[in-house]
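Morning, everyone. Please bring up the model on your screens, and I'll keep this short.

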Amino acid sequence: MTVKPLEKRKKVVKRPNKVKRHQSDQFKRVKESWRKPRGIDSRVRRKFKGNIRMPTIGSGTDKKVRHQMPNGFYRFVVNNVKDLELLMMQNRKYAAEIAHNVSTRKREQLVRRAAQLNIKVTNGAAKLRENENE
């Protein structure tokens with residue numbers, strides 16, 4: 001039986017295009033990731049007409065759907081069985097994601113225990129496929 005989220009809200013994207021850093025299109029050394037312009041004569045900081053727009057507080061996503069995965073669950077990183085049992089009562093809201101540094105043997109135990117507790121595991125098949133081929 002698959003676990004379905006308690007409520008699945010539609011994520012509203014207010015501004016779909018990512019804000020680029022000023023002059024990132026002119027120089028290779030200036031990366032595209034946003035940095036606030038702080039120069040005293042900066043046209044972008046002074047919001048002159050015809051320049052790129054700076055991101056505003058209204059550009060953010062809704063607090064209720066922030067960090068929500070497309071399937072409606074929120075991610076919870078799990079390292080051991082004890083962490084997994086924290087999700088026992090929250091299995092309709094959070095999905096377990098097994099940490100990258102967990103071994104294959106422990107991973108199998110976590111997947112088995114998650115099935116007993118009816119908890120969704122996002123990366124349950126990871127690292128298990130390699131051993132089947134050998």
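First, a term: contact means heavy atoms within 4.5 Å. This is a predicted model, where local features need pLDDT of at least 70, side-chain atom pairs count only at pLDDT 80 or more, and totals for chains, interfaces and linings use all residues. Residues are numbered from 1 along each chain as its sequence is written, and side-chain values use heavy atoms, with hydrogens and water left out.

Now Val111. Not counting residues up to four places away in sequence, Val111 touches Ile98 and Gly124. Its C-alpha is separated by 9.3 Å from that of Asn123, twelve residues apart along the chain. Val111 sits in helix α2. Helices here are DSSP runs of H or I with at least four residues, strands are E runs of at least two, and both are numbered from the N terminus.

Buried or partly exposed? Val111 counts as partly exposed, because its relative accessibility is 27%. The cut-offs: buried is under 20% relative accessible area, exposed is over 50%, partly exposed is in between, with a 1.4 Å probe and protein chains only.

Next, the buried side of α2. Its buried residues are Arg107, Leu110, Ala114 and Leu117. Viewed down the helix axis, they fall within an arc of 90 degrees, so they line one face of α2. That arc is taken from the directions from the helix axis to the C-beta atoms. The cover over these buried residues includes β1 (74–78), α1 (81–84) and β2 (94–98).

The face away from the buried side carries exposed Arg105, Arg112, Ala115 and Gln116. Just after α2, Asn118 has a positive phi of about 60 degrees.
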